[in-house]
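This report looks at the fold in outline and then at the aromatic contacts. Please keep the structure in view while reading.

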Amino acid sequence: MKNFALALATAAVTAFAVPAFAGEQYIDGTGFAVSGYDVVAYRSLPQSAVGTAQQAGVKGNAAITADYNGSTFAFSTEANRDAFEKNPAYYAPQYDGHCAYGVSKGGKVPGNPNLWRIVDDKLFLNITKNVVGFWEEDIPGNIDLAQNNWPGIEGKDASENKIPDFTSAAPIKN
């Protein structure tokens, strides 16, 4: 009986120790994660003050790619691709590339690669300029809401919606 109880306890601990599978990355018509933009390059871009527009993301190159979480990411340089391959979870956007504010409200909608912000060393995307305004009214509070909502929606299918008022010119093709 003690062995059965020990085996049951071990199985329960093991079941909770195994990480959950990540959900699907948001992929638009480019066929690339983050609309073909280089996720490593955001780390070197100057970040604008809250309330002002960020600099546009850096387009990746279709010939310089890496796969992660079932998706292909494009990079502007081989050095960026190599950095990503060493630690993809660090560079990949939060919420599988879906809009952070949308996740804070309990849903999956696309993330626009030009509407980004790095907070606490994590990359967040949003869907429209108006949504960025709502997101920036309380970034820490919206992150808390999104973090609480994410486990319940992560396993759902990726958004199939298009990003409003955005057409990706990335990745660059040689």
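Buried means under 20% relative accessible area. By that cut-off, 45% of the 174 residues of the chain count as buried. The model is a predicted one. The chain exposes about 9,500 Å², and carbon and sulfur atoms supply 55% of this area.

The secondary structure comprises 6 helices and 4 strands. From the N terminus, the order is α-β-β-α-α-α-β-β-α-α. Among contacts with a separation of 6 or more, 65% join residues 24 or more positions apart.

A search of the whole structure gives 11 aromatic pairs. Tyr 37 and Phe 166 form a tilted pair. Tyr 37 lies in the loop between α1 (2-17) and β1 (61-68), while Phe 166 lies in the segment after α6 (139-153). These two residues are 129 residues apart. Tyr 42 and Trp 116 also make a tilted pair. Here the loop between α1 and β1 supplies Tyr 42, and strand β3 (residues 112-119) supplies Trp 116. They are 74 residues apart.

| Pair | Centre to centre | Angle between planes |
|---|---|---|
| Tyr 37 and Phe 166 | 6.3 Å | 45° |
| Tyr 42 and Trp 116 | 5.2 Å | 55° |

How buried are the partners? Tyr 37 is buried at 4% relative accessibility, and Phe 166 is buried at 16%. Tyr 42 is buried at 1%, and Trp 116 at 3%.

Other aromatic features follow. Tyr 68, Phe 73, Phe 75 and Phe 84 form one aromatic cluster. The charged end of Arg 43 sits over the ring of Tyr 90, 4.1 Å from the ring centre.

Notes
Residues numbered from 1 in each chain as written. Predicted model: local features only at pLDDT ≥ 70, side-chain atom pairs only at ≥ 80, totals over all residues. Heavy atoms only, no water. Buried < 20%, exposed > 50% of the residue type's maximum accessible area, 1.4 Å probe, protein only. Contact = heavy atoms within 4.5 Å. Areas by Shrake-Rupley, 256 points an atom, 1.4 Å probe, with all protein chains shown as cover. Phe/Tyr/Trp six-rings, centres within 6.5 Å; stacked < 30°, edge-to-face > 60°. Lys NZ or Arg CZ within 6 Å of the ring centre and 35° of its normal.
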